[in-house]
Structures are given as C-alpha cells and as structure tokens.
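Hello,

Here is the structure I promised to pass on. Please open it first, then read my notes below.

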Amino acid sequence: MQSSGDKREYWKRNLTYVGALLAIWFLVSFGFGILLVEPLNRIRIGGFKLGFWFAQQGSIYVFVILIFVYVRLMNRLDRTYDVHERDEREDGS
Amino acid sequence: MNVQAWTFVMVALSFALYIGIAIWSRARSTDDFYVAAAQVSPVVNGMATAAGWMSAASFISMAGLIAFMGRDGSVYLMGWTGGYVLLALLLAPYLRKFGKYTVPDFVGDRYYSQVARIVAVVCAIFISFTYVAGQMRGVGIVFSRFLGVGINTGVVIGMGIVFFYAVLGGMKGITYTQVAQYCVLIFAFLVPAIFISLLLTGNPIPQLGFGGVLTDGSGVYLLDRLDGLGRELGFGAYTDGQKGTLDVFFITAALMAGTAGLPHVIVRFYTVPKVWQARSSAGWALLFIALLYTTAPAVAAFARANLLTTVSNMPYREVPTWFTNWEATGLIQFEDKNGDGLIQYTGPASDIPNELTIDRDIIVLANPEIAGLPPWVTGLVAAGGLAAALSTAAGLLLVISSSIAHDLVKKTIRPSITEKSELLIARVTAGVAVVISGYLGIHPPGFVAEVVALAFGLAASSFFPAILLGIFTKKMNNHGAVSGMVAGITFTSLYIAYFKFLHPELNTAEHWWLGVSPEGIGTIGMALNFLVAWVVASFTEPPPLEIQQFVEEIRVPRKS
C-alpha cells in the first residue's frame with residue numbers, strides 16, 4: 001500500500017487539476033457569458049455575437065470538454081500513484 | 001391520421017416499451033432497489049442521469065422561457081449544465097468511493113451525527129416532493145391537450161405507469177426505463193428542431209442554424225432579424241439582457257450549486273461500479289444533456305421568429321388552427337383593444353397596447369404546428385414530454401422511498417430490521433409517494449413554480465457546502481456542518497418566503513437585498529453556510545481521528 005506522503009502528493013496534484021479546470025469553468029460561464037458579455041458582443045462570428053454565443057452555446061461545450069479532460073488526467077494520475085481500482089480477476093484496466 | 005391519433009400511437013408505443021423494460025429488470029434486493037447493485041456502466045448511467053435530470057421543465061418549459069427572455073435565458077442554460085462540472089470534479093468520485101445508498105447516508109456518517117442525518121433526510125424529502133408534483137402536472141397538461149382526456153385522468157394514468165416500474169424495479173428498473181426515455185425525449189426534441197432549422201435557415205444543425213442566415217431571401221442573420229423585430233415591437237433586442245448583471249451571476253451560481261446538490265442527481269453516481277466511472281459518467285450525462293441544452297436556445301430563437309412573423313398584425317379572423325386550438329385551452333388569449341380586428345403583439349416599450357397573451361409553456365408543444373410540420377411530429381413531441389416528466393418523477397420517488405426506508409427506518413428507528421422487510425418498506429413508501437404526488441399534481445398548490453426555485457436554493461445552501469466541506473477539509477466537524485446547513489437553509493427559505501409568499505407585491509429589483517432576486521439568493525445562503533460552518537468548527541473540537549481517516553480514505557480510489 002501507499003505511504004501517506006505519496007497519498008498527500010496525489011491529493012495535491014488532484015487539487016491542482018481541479019483548480020485549473022474550475023478556473024476555465026468560471027472564465028467561460030461567469031466571465032465570458034455574464035461579466036464580459038457586453039464587450040465580447042462587439043466581436044461577431046457569423047450571425048452570433050460572441051458574448052451571447054458563450055452564454056447560450058459555448059460555455060456548455062466547454063463544460064463537456066472539461067469533464068472529459070479531468071477524467072483522462074485523473075485516470076493517468078491514479079495509475080502513476082498506483083491508487084487505481086483493480087478488477088477482481090485481473091490486474092489493471 | 002390527425003394529431004390526436006398520432007399522439008395516441010406514439011404515447012401507447014412508448015408506454016408499452018417502458019412496461020416491458022420494467023418487467024425485464026425487476027429488483028430482487030435492497031442493493032438492486034437503491035443503487036441497481038452498483039453494476040451500471042458509465043455510459044448507460046450517464047444516459048439515465050440525463051433523462052432523470054431533464055424534467056418536464058427542461059423539455060416543455062425551458063425553450064419557451066428562453067424565447068421570451070432572450071439572452072437572460074442563459075441563466076438556465078449555464079446554471080443547469082455547469083453544475084455537472086462541479087459534480088464531476090468535486091463530489092461524484094468521492095461519494096462513489098464512500099459507496100453507500102443515499103445522500104443523508106454520507107452526511108450522517110461523515111458528520112457522525114444522527115441530527116445531521118435527519119436534517120438531510122428532511123431536506124431530501126422536501127426537495128423531491130416539490131419537484132415531483134410539477135412533473136405530474138406536466139403529465140396532466142400533455143394528456144389533456146393532445147389526447148382529449150381531463151388533466152385528472154392524465155395524472156392518474158401517469159401515476160399508474162410510474163407506480164408500476166418504480167415500485168417493481170426500484171433503481172434497477174428506473175435506470176433501464178430512463179435510458180429508453182432519454183432516447184424518446186431527445187429524438188422528440190431534435191426532430192422538430194432540425195425540421196424548423198431547415199425551413200428557417202436551410203441548415204439541418206439547429207446549433208448552426210441559430211447563427212445562420214434566413215432563407216427568405218433577405219440575407220439577414222436570424223439573430224439580427226430577432227433583434228430588429230424585438231426593438232420594433234417594444235420587447236427590446238433579443239441578444240440584450242434585461243436582468244442586472246449581478247442578479248444573473250447569482251441566479252446562475254445558485255442553479256449550478258443546486259444541481260450539484262440535488263439528491264436524485266447525486267444518488268445516480270452510487271450506481272456505477274468504480275470511482276473513475278463516476279467521473280466519466282458525469283461527463284456522459286452532461287454530453288447527453290448538452291445535446292438538448294444547446295438545441296433549446298436555437299428552438300427558442302426559431303419559435304420566437306416564427307411567432308412574431310406569424311401573428312404580428314395578422315387579422316384575427318384569419319388565424320391558423322393551432323392558434324384556435326390553444327386558445328380553447330386558455331393558454332393563448334387575444335383581446336382586441338383598439339377594435340381593428342388585427343392582432344397587435346407588442347412589448348412594454350411600445351406605444352401600442354399589447355393585445356396578445358401567450359403562456360410560455362406552450363412554445364415547445366405548439367412549435368411543430370406553428371412551423372406547419374406533419375402531425376406525427378406533434379405526436380412525437382407529446383410522447384417526449386411525457387418521457388421527460390415520468391423519468392424525473394421516478395428518480396425523485398426513489399429518493400423519497402430510500403430516505404424513509406433506509407435513512408429513517410433502517411439507520412435511525414429500527415436498525416435490527418431484515419433486508420426483506422426493508423425492501424418491502426421501500427416499495428410501500430414508493431407507492432405512497434406516487435399517490436401523494438399524484439394528488440399534488442391534480443390539486444397543485446398555487447406555488448409549484450415558486451417552490452422549484454426554493455428547491456434549488458435549498459439544495460445549494462444546504463447539501464452542496466456540507467458535502468464539499470466533508471470531502472475537502474478533514475477538520476470540519478459535526479457542529480460546524482449542522483449549524484452551517486441550518487443557517488444556510490433558514491436564511492434562504494426566509495428570504496424566498498418573504499418575497500414570494502408574504503409580500504409578493506414587493507418582489508421587484510428595488511426591494512431586493514443587494515439587487516439579488518429570490519431565485520439567486522441560494523448563492524448567498526451557500527456563502528453563509530460556508531462561513532458559519534467554518535467559524536463554528538474553528539471554535540469547537542475537531543472531528544475524531546477515525547473520521548479524519550475516513551476522509552483520507554474516500555479521497556483515494558482504491559480500497560485499502
């Protein structure tokens with residue numbers, strides 16, 4: 001089993017990932033979609049004003065991507081620190 | 001075949017499917033009944049979560065709300081999706097590792113306190129009943145408009161169906177029926193959206209047609225046309241907001257944290273076998289939800305454009321049949337104030353008085369008819385609305401029954417009870433809850449819509465901080481958590497009660513505290529919860545050593 005030092009390091013790395021991803025989460029929704037919506041609306045992409053697009057479309061796409069990025073990062077981290085769950089029959093996967 | 005016949009066929013087919021699945025996936029143990037024996041794959045669980053999450057409000061009401069709110073509608077779009085990021089990153093994997101049955105289970109164990117457990121049970125039951133009454137009402141409306149039966153008969157039929165598969169199958173039955181219901185509801189939502197997008201903008205993808213050029217030969221972008229029409233008729237530009245920025249911020253935050261704290265959503269993450277699957281399951285759930293949630297604002301814009309161009313200045317004698325049909329239900333009302341026989345549909349900033357009142361809830365249901373689509377599409381939409389309402393109702397009923405059978409009876413009143421009798425109690429409670437919610441659907445308290453805002457505020461100001469602190473700080477103790485939850489809930493519900501029930505006439509921006517509406521107050525309640533919990537915890541004894549070890553344990557996926 002893991003030493004408590006390794007576990008602490010694993011947890012710290014996890015917190016760093018969560019912090020970075022939540023910063024993006026905040027930026028695209030509360031930032032681009034709410035606080036900065038007026039200045040961004042001066043930029044147009046096709047028929048969309050950019051701020052409006054983030055508020056009604058873009059933020060949702062980014063949310064989906066963020067979760068899958070976190071899943072990948074954590075799957076790798078779990079293996080690096082050897083804390084992933086093993087299957088009962090075989091080792092790994 | 002006409003609309004009614006098509007609706008009957010679509011609804012009957014979908015109901016037969018749900019019953020078939022329910023019989024195939026009966027629950028045999030409490031483990032099956034509460035969490036489907038924790039054997040559900042992440043993609044399937046994601047789909048079931050999406051169906052359980054998207055209620056009659058998402059399917060029937062949301063696009064209509066956005067059509068009338070314009071840009072301000074984004075509070076629902078971001079609020080009800082952004083919460084899944086919080087779930088995936090902050091709650092789901094740790095709750096899966098904890099691995100029991102309910103949200104009160106976690107609160108009670110982590111804070112080593114029966115008081116905390118009972119506070120959690122009360123919150124869970126209250127939130128769930130609030131929601132489920134709204135779902136039953138939605139079922140009744142769909143039945144009465146499209147199948148020509150009374151709202152009450154509609155509610156009773158809906159009750160019968162939910163009773164059958166929730167009581168028989170528990171979580172296992174619900175999970176697999178929800179997968180079928182997701183397929184029905186997303187198909188029903190996308191088909192008319194694609195048709196209308198093609199008709200209006202020539203683009204089959206609604207998300208792109210939303211930003212596309214109109215096909216009427218004018219070469220104008222859809223959204224520019226909407227902005228122009230909005231200004232001309234005195235509604236204001238569609239892509240401009242009317243609400244204060246701070247209020248939009250707080251409402252969005254309250255809906256996000258509320259989503260992450262709703263017990264019927266959280267409990268779904270107990271059903272997957274592994275921790276990493278809880279994370280990815282939240283991703284799949286949001287992907288499936290995003291399919292509807294990115295289409296809804298497009299549908300809203302299409303519907304708004306169609307509505308304004310169809311009815312504005314149209315002679316009342318020449319209105320299309322859909323207009324007359326909905327007028328009969330009282331959900332569209334026309335009053336010819338200036339007696340010119342034309343429909344003047346105008347907003348608050350116009351000099352011409354408005355003569356038309358349209359209930360927002362009919363937009364999605366009427367949309368296929370407004371756009372002149374074939375009758376089978378309308379039938380499909382009705383079946384989709386029912387799927388959305390029934391899937392959510394079933395998930396909520398399960399929370400109610402597990403809170404009572406597991407948290408109250410097994411964990412608090414009679415721990416000696418056998419598994420067989422616990423399962424029986426869970427089934428009976430689910431049955432009783434179906435009947436009560438049916439009753440609430442037939443005799444809705446006048447404040448269903450208001451109470452939904454309350455439910456989100458309560459979840460945001462109670463469960464979300466308590467669970468978050470329970471995972472991310474080892475030092476948070478029972479006194480801190482309980483006083484935080486009580487402070488958050490009390491403040492939030494008092495604020496909402498003051499403006500919604502005691503002084504509804506004062507419910508305007510200038511009377512709100514700091515300009516925060518009752519919908520957004522949950523965010524402040526949540527901040528208060530964090531603050532009180534932290535202050536109380538720093539003046540009282542830290543939790544016992546075994547609780548601190550328990551926290552270390554849930555932070556790591558592998559069992560030690």
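What pLDDT does chain A average? The model is predicted, and chain A averages 89. In that chain, 90% of the residues score at least 70.

Confidence by element comes next. In chain A, helix α3 (residues 50-80) is highest, at a mean of 95. Strand β1 (residues 44-45) of chain A is lowest, at 91. One stretch needs care. Residues 89-93 of chain A have a pLDDT below 50. Beyond near neighbours in sequence, this stretch has 6 contacts in the model. Where pLDDT is low, the predicted coordinates should not be read in detail.

Now the interface. How many residues of chain B are in contact with chain A? The count is 53 residues of chain B, against 47 residues of chain A. The area buried between the two chains is about 4,600 Å². Carbon and sulfur atoms give 69% of that area.

There are also charged and polar links. Chain B and chain A share 5 salt bridges. In a salt bridge between the chains, the side chain of Arg71(B) meets that of Glu38(A) at 3.2 Å, N to O. Across the interface, 14 residue pairs are in polar contact.

Which helix gives the largest share of the side of chain B that touches chain A? That is α13(B), with 13 residues. Several helices of chain B supply at least two residues each, among them α5 (74-98), α11 (245-261) and α19 (463-472). By class, this side of chain B has 32 nonpolar, 14 polar and 7 charged residues.

Best wishes

Key: Residues numbered from 1 in each chain as written. Chains lettered and ligands numbered in written order. Predicted model: local features only at pLDDT ≥ 70, side-chain atom pairs only at ≥ 80, totals over all residues. Heavy atoms only, no water. pLDDT = per-residue confidence, 0-100. Helix = DSSP H or I, 4+ residues; strand = E, 2+ residues; numbered from the N terminus. Contact = heavy atoms within 4.5 Å. Buried area = accessible area lost by both parts, 1.4 Å probe. Salt bridge = Lys/Arg side-chain N within 4 Å of Asp/Glu carboxyl O. Polar contact = N/O pair within 3.5 Å; in protein donor to acceptor, adjacent residues only side chain to side chain. Nonpolar A, V, L, I, M, F, W, Y, C, P; charged D, E, K, R; others polar.
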